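Biologist: Hi! Could you walk me through one part of this structure?
Modeller: Happy to, let's have a look together.

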Amino acid sequence: MRRWLLPLAVAGLVVLGIGALVAARQPAPVLTRDEQAARLAGELRCPDCQGLSVAESHTAAADAIRAEIAEQLAAGRSVDEVRQHFVNRYGQWILLQPADPLVWLLPLVVIAAGVGLFAWWLLGQRQSPSQPEAAGETDAPLMVDDEARRTVRDELEALDG
Amino acid sequence: MRTLASSRWRWLVVPLLAIPLGWLLFQGLGRDPRSIPSPLIGKPLPALAGPTLDSGSFDDASLAGRPAVINVWAAYCVPCRAEHGMLRDLVAQHGDELSVIGVMYQTGEDAARDFRDRYGSGWTELTDPGGRTALDLGVTGPPETFFVDADGIVRYRHIGPLTTDVLREQLAAVGVDL
């Protein structure tokens, strides 16, 4: 029974994960071309602004990008293809949300490492003060030989007497 | 029981944290925060075409077989003034070895003519109406200069005003010795 637990748990997690992925992808509403263009413009950085998306800006470069998006979508290219078109020219920099998964995972890794280190430190704190005692108790077992018996008996007699 | 925390490896925690962090921070020292690496480097120059300031039209077939310098500038850009002087000298002395192409960035034709009369001209100037050429080059703001080798491959993108050192070094890399 027990050896089935781990595979079962893993299988359950995989099913849950796939379910979550499917659920996350499912409600992809059908967008009109204008909505697609507006959404993509919101994902792209305006090249000659400070921290604004193309959708939020009306500089000449933002206007040019919007025109290019509209033109390419009208020519039948997909949103992903148009996004890639800009990444090919500007690099990942043009995306306001980086596509590199490492960027998203790194903070989680750092937090997990921090929690792990803290737990380690906490365990160490709890364990170390009790250690000297433990060492004393378990140190070499008492030796009771004849000489010891004799000493005890002599001292007891001395007390009695 | 001996825990990890009390083991003799405990001292390793500090170097294990400090060395990667130190390395990361040290890497940043040599980096210019203003330079955004261009994905065009090592790739063919995007197609350049369109109307020119002298009412002609440009086709990048005319670049074939020679190194090229593509300079993106604007009339409002102050460092572009000195740069135009350098480009004028370059064209005068090495115009037979390379092509220089100017790309006007958000600049009207009258302002461009005025600027060129004052600070330097002598090379083909794309007016780039609508800014599409600048988009194709991934330009973030003038001045930007692209160095293209004789095979049409982009070798370097310089953001900011050109210096004689940059010009000499990057032209040498595309096969033109000053």
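Modeller: What covers the buried residues of helix 3 of chain B includes strand 3 (68-73), helix 2, strand 4 (99-104) and strand 5 (124-126) of chain B. Covering here goes by contact, meaning heavy atoms within 4.5 Å. Helices (H or I, at least four residues) and strands (E, at least two) are DSSP runs, numbered from the N terminus.

Biologist: Is this an experimental or a predicted model?
Modeller: This is a predicted model: local features need pLDDT of at least 70, side-chain atom pairs count only at pLDDT 80 or more, and totals for chains, interfaces and linings use all residues. Residues are numbered from 1 along each chain as its sequence is written, chains are lettered from A and ligands numbered from 1 in the order in which they are written, and side-chain values use heavy atoms, leaving out hydrogens and water.

Biologist: Which residues are buried in helix 3 of chain B?
Modeller: B:Ala112, B:Phe115, B:Arg116 and B:Tyr119 are buried, that is, under 20% relative accessible area, with exposed over 50% and partly exposed in between (1.4 Å probe, protein chains only).

Biologist: Why are they on the same side of helix 3 of chain B?
Modeller: Because they cover an arc of only 95° around the axis, taken from the directions from the helix axis to the C-beta atoms.

Biologist: And what is exposed on the other side?
Modeller: There, B:Asp110, B:Asp117 and B:Arg118 of helix 3 of chain B are exposed.

Biologist: New topic: which residues of helix 2 of chain B meet helix 3 of chain B?
Modeller: B:Cys80, B:Arg81, B:His84, B:Gly85 and B:Arg88 do, and in helix 3 of chain B they meet B:Phe115, B:Arg116 and B:Tyr119.

Biologist: What follows helix 3 of chain B?
Modeller: B:Gly120, whose phi is positive, near 140°.
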